[in-house]
Structures are given as structure tokens and as C-alpha cells.
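Dear colleague,

Please find below the structure I am handing over to you for your records. A summary of the findings follows it.

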Amino acid sequence: MPDHTCAGCGAITSPHDVVSVAAPDGAYRLLCSRCFNIEMARLADVHAFEHPEFTPIRLPGADGVVHEFHFRSLLFGDQLSLEALELASGDEDREGFRFQILGDPQTDPFELLGQMVKKIRRALAISHVVERAGQLELAGTMVRGRIEWDENQHGRLPCVVIDGRRIAWDDFGEMLMMYEGWQFRLELIDPSEEA
Ligand SMILES: [Zn+2]
């Protein structure tokens, strides 16, 4: 069991809520998001910053499966990043949905949360892959997903996460073969800009 003790307050936090911060001497220390934000608010002169903490929420996907999202808010100078993470099957697998939005740290954090919930709902409403006869297939001609590290490929090839499901690069290639001869357009989008 890896140690996720915050070097600031000593709290044992969940792995998705710690940030690895480099000190001037080059050493790294783990901080919980609250301690990270307090330090960042001081460094970036963000006055009266209050660390927002949101309880996890559960939302159903298009297939009826319920997804549980945990939130992490991190202050990056003049921007507050809010992330929603679906901790599907262990954090190390980088499976599940992930969303991010950026906002002004002085705005009401619940406004940011509201935007986030809308974003999650929009994404959950559409299935990009479907299972037919035990095989995963593309549901249509448009697919959205996330590029992730594949431990089995040692970073040489990615895997993709579509509808929160982790799909190996080979399997994704196989899925594209139903469109052999078609053209494609590939656009890479920063997580915070994905609508
Ligand atoms: Zn802490």
C-alpha cells in the first residue's frame, strides 16, 4: 500500500487527492490538495481563497450504469482547476471518465461544480462504443476519448479510454477496421477545453 501522507498536515489522503510538489532543493513532497492550495494561494497572492471540497456524486450513463465521480480542486495561480475523476478499478489503471474545467478562483466554487456536472452529463449521455456479440464496436462515425499510458507498452504506444473504458491500441485499431477505406479527422483537445 503506497503512502499517501500529506507532508503539510499529516493527513492520509486518497491517491487521487495528493500532488507531488518539487522543493527548491529538488526533493519531492506529497501535499494534499488543501495544503497545496493554501500554499499556492499564499505564493500567488490569491486573497481570501477558500479550498472547495465537494462530496462524490453518482450519475448514470447512457447504458444505465452508474458512475461515481470524485472531485479535486487545485489552484494554479490565477486559475482554479476542478477535476472530476471516476475511480473505476484502482487509480493506477487510469481507467474511467475524467473531466476538467478551469475557472476564476474568486468565483463561487458551486458555480464551477454546476458547470462540471453539466459537462459530465453531456458526456455520459452519448455512448461511443457498443458491445455487439461480445465484441466492442464503434457506435457511430464519431468517437471521443482520452489518450492514456499503457503499462504493457512501456509508453511506446498509448491506450485509449472511451466511455470510461480502457481499450488497448490494437483493439482500437481492430474497431476501426469496420471503416476500412474511410477518411478520418483527428483533433487533440486539452481536457479543460473539451465541451
Ligand atoms: Zn495536507
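Findings: domain interface and zinc site

Between domain 1 and domain 2 there are zero salt bridges. Please bear in mind throughout that the model is a predicted one.

The chain falls into two parts, with domain 1 covering residues 15-124 and domain 2 covering residues 129-179. Their C-alpha centres are 26 Å apart. Six residues of domain 1 and seven residues of domain 2 take part in the contact.

The two domains bury about 640 Å² between them, and carbon and sulfur atoms account for 46% of that area. On the side of domain 1, R94, E95 and F97 contribute 61% of the area buried against domain 2, more than any other three residues.

Polar contacts are found across this interface: two residue pairs meet the rule, both at pLDDT 80 or more. The face of domain 1 that touches domain 2 consists, by class, of four charged residues, one polar residue and one nonpolar residue. Even with four charged residues on that face, the count of salt bridges between the domains is zero.

The second topic is the metal site. The zinc ion has as its protein donors the SG atoms of C6, C9, C32 and C35, at 2.2 to 2.3 Å. Along the sequence, these donor residues follow the spacing C-x2-C-x22-C-x2-C. The angles among the four donor atoms run from 104 to 116°, and the site is tetrahedral. For reference, the ideal angle for four tetrahedral donors is 109.5 degrees.

Yours sincerely

Definitions and conventions. Residues are numbered from 1 along each chain as its sequence is written. This is a predicted model: local features need pLDDT of at least 70, side-chain atom pairs count only at pLDDT 80 or more; totals for chains, interfaces and linings use all residues. Side-chain values use heavy atoms; hydrogens and water are left out. Domain bounds come from an automatic or database domain assignment. Contact means heavy atoms within 4.5 Å. Buried area is the accessible area (1.4 Å probe) that two parts lose on being put together, summed over both. A salt bridge is a side-chain nitrogen of Lys or Arg within 4 Å of a carboxyl oxygen of Asp or Glu. A polar contact is a pair of N or O atoms within 3.5 Å; within protein, one must be able to donate a hydrogen and the other to accept it, and residues adjacent in sequence count only if both atoms are side-chain atoms. Ala, Val, Leu, Ile, Met, Phe, Trp, Tyr, Cys and Pro count as nonpolar, Asp, Glu, Lys and Arg as charged, and the others, Gly among them, as polar. Donors are N, O and S atoms within 2.8 Å of the metal (3.2 Å for Na, K and Ca); water is not among the atoms, so sites may look incomplete. Four donors count as tetrahedral if all angles lie between 85 and 135 degrees; four count as square planar and six as octahedral if opposite donors are over 155 degrees apart and all others between 65 and 115; anything else is irregular.
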